[in-house]
Amino acid sequence: MTSPHRSVEAVPARNTLAPSRRTVVKAAAAGAVLAGPLAAALPARAATAAPVFRHGVASGDPLPDGVLLWTRVTPVPEALPGSGVGPDTEVGWAVARDKAFTDVVATGSTTATAATDHTVKADIRGLQPGTDYWFRFTSGGAQSPVARTRTAPAADAAVPGLRFGVVSCANWEAGYFSPYRHLAARGDLDAWLHLGDYIYEYGTGEYGTRGTVVRPHSPAHEILTLADYRIRHATYKTDPDLQALHLAAPVVAIWDDHEFADNAWSGGATNHTEGAWAARQAAAKQAYFEWMPVRPALAGTTYRRLRFGKLADLSLLDLRSFRSQQAATASGSVDDPDRTLTGRAQLDWLKAGLKASDTKWRLVGNSVMISPFAVGALSADLLRPLAKLLGLPQEGIAVNTDQWDGYTDDRRELLAHLKSNAIGNTVFLTGDIHMAWANDVPYDAGTYPLSASAATEFVVTSLTSDNLDDIVKVPEGTVSAVAAPVIQAANRHVHWVDTDRHGYGVLDITAERAQMDYYVISDRRSPDATSKWARSYRTRSGTQKVERSYTPV
């Protein structure tokens, strides 16, 4: 991990290690880094039932020598998520080289308490790089499911290839999470990337479900408090397909707006009118770090960097904690240099990391689309002066100012940095927009393709959240057949866009190319939905261009 930001750790828990292994185990109760005022927990008392692991187990943020393990234990029936009650409960873990646990390499324990919603994390170190491990938790005679995880390759390893699942935008009410099940069944992932909107904050029936709530949220109201956010995370963690993917491979996750509230920014959100935003934001962050196997970076954010040998590093962005409020659509203020998407410190960190990188590929986990998305048929020589005259963004008329389109100064600075330092093989991996895209990222969208491409971008569609055909309630493919040609005509850097289908991506990386295979599911409303390959696009090393590939990896 090359990030300059170190995760904050609580007091280590007790642990015992096989004497032949030079393994160091660091453990912390989840959320300790963001602990805030909580309702006082009830005094510890004798359990009335055996502890259970209702919410599965997970791992995340793989390092060459370690990985972060997570679970939530229900010590007694009344210790429900968000309740703030339940006794302190010892939770043990074990890590082994084999699924049968005949070769255990690390064991340890910590205490689950009501203060962290009975979630626990164990930050295991001292493992071998690029290696599969299995782990499980125990408590009071109960045993969790056994899960697979995998460490990252050694920093100096010549890695022949990497394969990541890529997902975003999972609305519980809109359907079932079959994309998770299909990714779990592959059995070939080094890790999977969740690019934001792991949960949604809305009340039941308030957000896109094409008019049908497949399964209602819990709690039923819009989530506002720490208890609300905990209950919503817990609900998601009961999904069998999500549990299956967490059992199959480590996750690398960032948040977007719906982990907080719609179109969140540093000082509020579109639909936030209830109480102080700072309190709601703090509650959302605390619940996130309690319930997700993520190491927080500086100041409790999700920007950090992971390295996978000499083949790739992955810079993960937090595009909600520091951003200025979104500009009005088509407002010239999107070009205001005083407005920021990343915040100064994060943008400097990203630029420095990209410049210092010595890997073949530089991946950027990016929650909102960086490629320009403009409408209009005017040529660049007419659009630019008109835009300036009308106070419109000079790079085109922005459609979605919640994306990088709404913060063009940050984008110009970042892309100019790539150009001036001859930084190639940069690939942005993006979610949020509920459509699949394969884009070049031009230095100057107004003159593309005369302007060179600075990077490439693969955008994955939503797992279940409404896309265009859902919004207008027409058969799948109807909108895309009309919209895609129009979008591409106005945005020549867009090689492909699918506005209508739900699914996931599989990113496969070799020294020669980075390829995204796009998969779609048959019906988000069916728990037994099938999956099929839709398209593939790749970028060859040294080109900064997207091209179509006619077979999946």
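Which side chain meets R150 in a salt bridge? The partner is D132, at 2.9 Å from N to O. A salt bridge here is a side-chain nitrogen of Lys or Arg within 4 Å of a carboxyl oxygen of Asp or Glu. Side chains of opposite charge can pair when their charged atoms come close.

This is a predicted model, where local features need pLDDT of at least 70, side-chain atom pairs count only at pLDDT 80 or more, and totals for chains, interfaces and linings use all residues. Residues are numbered from 1 along each chain as its sequence is written, and side-chain values use heavy atoms, leaving out hydrogens and water.

Now place the first pair. R150 sits in strand 10 (residues 147-150) and D132 in strand 8 (residues 132-139), 18 residues apart. Strands (E, at least two residues) are DSSP runs, numbered from the N terminus. D132 is partly exposed, at 25% relative accessible area. Buried means under 20%, exposed over 50%, and partly exposed in between (1.4 Å probe, protein chains only).

Next, look at D117 and R72. Their side chains form a salt bridge at 3.7 Å, N to O. D117 lies in the loop between strand 6 (104-112) and strand 7 (119-124), while R72 is in strand 4 (residues 66-72), 45 residues away. D117 counts as buried because its relative accessibility is 1%. R72 is buried too, at 0%.

Then find E547 and R540, which meet in a salt bridge at 2.7 Å, N to O. E547 is partly exposed, at 28%. R540 is also partly exposed, at 39%.

Some bridges share partners. In this way R163, R186, D188, D508 and R513 join into one network. The whole structure holds 35 salt bridges.

Conventions. Helix = DSSP H or I, 4+ residues; strand = E, 2+ residues; numbered from the N terminus.
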